Amino acid sequence: MGRITTLRDLIGVIKDKASASKAAFVSTPETISLRLAVLRVTTHMPSTPPNDNHISALLALGDSSRSTASALISSLMDRLHRTSNSTVALKCLLTLHHIIKRGPFILQDQLSIFPAAGGYNYLKLSSFRDGATAFTWVLSAWVRWYARYIESLLSTSRVLGYFLGSTSCSMERDKQEERISSFLSQDLVRDIDSLVGMIEEICKGPDPSFVEGNELLYEVISLLSNDYLSAVNEILSRLSELNLRLSGLSFAESVEFVCALKRLEDCKEKLSLLFPVKKPSTENLWVLVSELKEKTDKLKVYKEEKKLLTWGKCDKGSESARFVMKRDDWVQFSSGRLGGNKLPLLVVESGEATIF
């Protein structure tokens with residue numbers, strides 16, 4: 001437990017004790033242990049991350065029946081949505097992140113379907129503000145961004161079919177790695193697009209220099225680093241497979257794939273600032289991204305050369321020219337009907353392009 005250095009810290013300790021007393025008074029025998037577990041990992045003490053033993057105890061409580069896991073998630077979400085304290089909110093989100101990373105599957109499952117209606121921004125923290133001090137005001141920005149990131153992580157996990165980087169989903173992840181060659185190209189591109197979107201959300205975080213000296217934010221960055229490496233490995237396996245299929249991608253798949261590569265490359269500089277320690281997997285990723293961009297550019301030029309359409313324009317009073325293109329053969333016919341028209345007219349019929 002951190003030191004009490006301000007009146008706000010003292011009030012926070014009193015609130016924690018009052019909340020524990022209230023939970024003991026109003027809770028049923030079945031839910032009191034759940035509520036107390038949530039309170040222990042979401043104290044008001046600033047700059048101190050949740051105790052790992054308390055996190056482990058909470059995860060163990062959730063590894064039982066579906067109703068118990070559901071009640072635990074509901075209690076944690078209730079704590080998150082009721083608080084106006086930036087430290088408590090950040091610890092709630094950090095606990096949710098731990099559930100995703102190392103919680104039992106049944107607890108993760110209840111988190112993924114909360115609330116029952118689902119939907120975008122279900123954590124509902126986009127307007128969170130704690131203006132008590134300058135510090136809490138800055139911390140509020142971290143709360144809003146961290147909530148968006150958790151939502152993005154859950155969304156990406158739904159697309160993949162398992163929780164990204166989760167220890168409880170390692171078997172499912174290994175099965176997908178073995179079957180990845182049988183995936184449709186559009187599914188591979190969809191997965192990459194979702195993973196890149198999650199990485200983009202990481203890059204939208206507040207100023208990382210604020211992390212220095214703050215153990216709570218350092219814990220957040222540590223979990224993000226693990227997520228980033230997990231995402232890199234997922235992207236690498238899919239890029240390697242798509243590297244063998246480039247010439248067979250449809251036009252829509254090619255466009256989406258190239259856009260995803262560009263978005264990922266745009267994140268490179270910010271990621272190097274957030275995670276300065278170089279890893280072999282990340283270095284391999286950037287090399288492969290560069291190679292794929294070069295290949296797709298060459299493929300694009302090749303396809304454009306095969307489908308090139310030349311536009312003609314007729315000057316006023318001059319003789320117009322009509323071009324009929326079929327594959328690479330061009331035939332020119334004289335015509336005087338459009339002598340005064342400055343705009344080209346293109347007609348495409350059954351794979352043939354005719355310009356008047």
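## Salt bridges, stop by stop

Select Asp-187, which is partly exposed at a relative accessible area of 22%. The model is predicted, and this residue is the starting point.

The side chains of Asp-187 and Arg-190 form a salt bridge, 3.7 Å from N to O. Both residues sit in helix 9 (residues 185-203), three residues apart, or about one turn of the helix.

Now extend the selection to Asp-191, Glu-234 and Arg-238. Together with Asp-187 and Arg-190, these residues are linked in a network of salt bridges.

Move on to Lys-293 and Glu-265, whose side chains meet in a salt bridge of 2.8 Å, N to O. Lys-293 lies in helix 13 (residues 280-306) and Glu-265 in helix 11 (residues 251-266); the pair links distant parts of the chain, 28 residues apart. Lys-293 is partly exposed, with a relative accessible area of 27%, and Glu-265 is partly exposed at 32%.

For the last pair, select Lys-101 and Asp-227. Their side chains are joined by a salt bridge, with N to O at 2.9 Å. Lys-101 belongs to helix 5 (residues 86-102) and Asp-227 to helix 10 (residues 215-243), so this pair ties together parts that are 126 residues apart in sequence. Are these two residues buried or exposed? Lys-101 is buried, with a relative accessible area of 10%, and Asp-227 is buried at 0%.

To finish, display every salt bridge in the model: the count comes to 14.

Note on methods: Residues numbered from 1 in each chain as written. Predicted model: local features only at pLDDT ≥ 70, side-chain atom pairs only at ≥ 80, totals over all residues. Heavy atoms only, no water. Salt bridge = Lys/Arg side-chain N within 4 Å of Asp/Glu carboxyl O. Helix = DSSP H or I, 4+ residues; strand = E, 2+ residues; numbered from the N terminus. Buried < 20%, exposed > 50% of the residue type's maximum accessible area, 1.4 Å probe, protein only.
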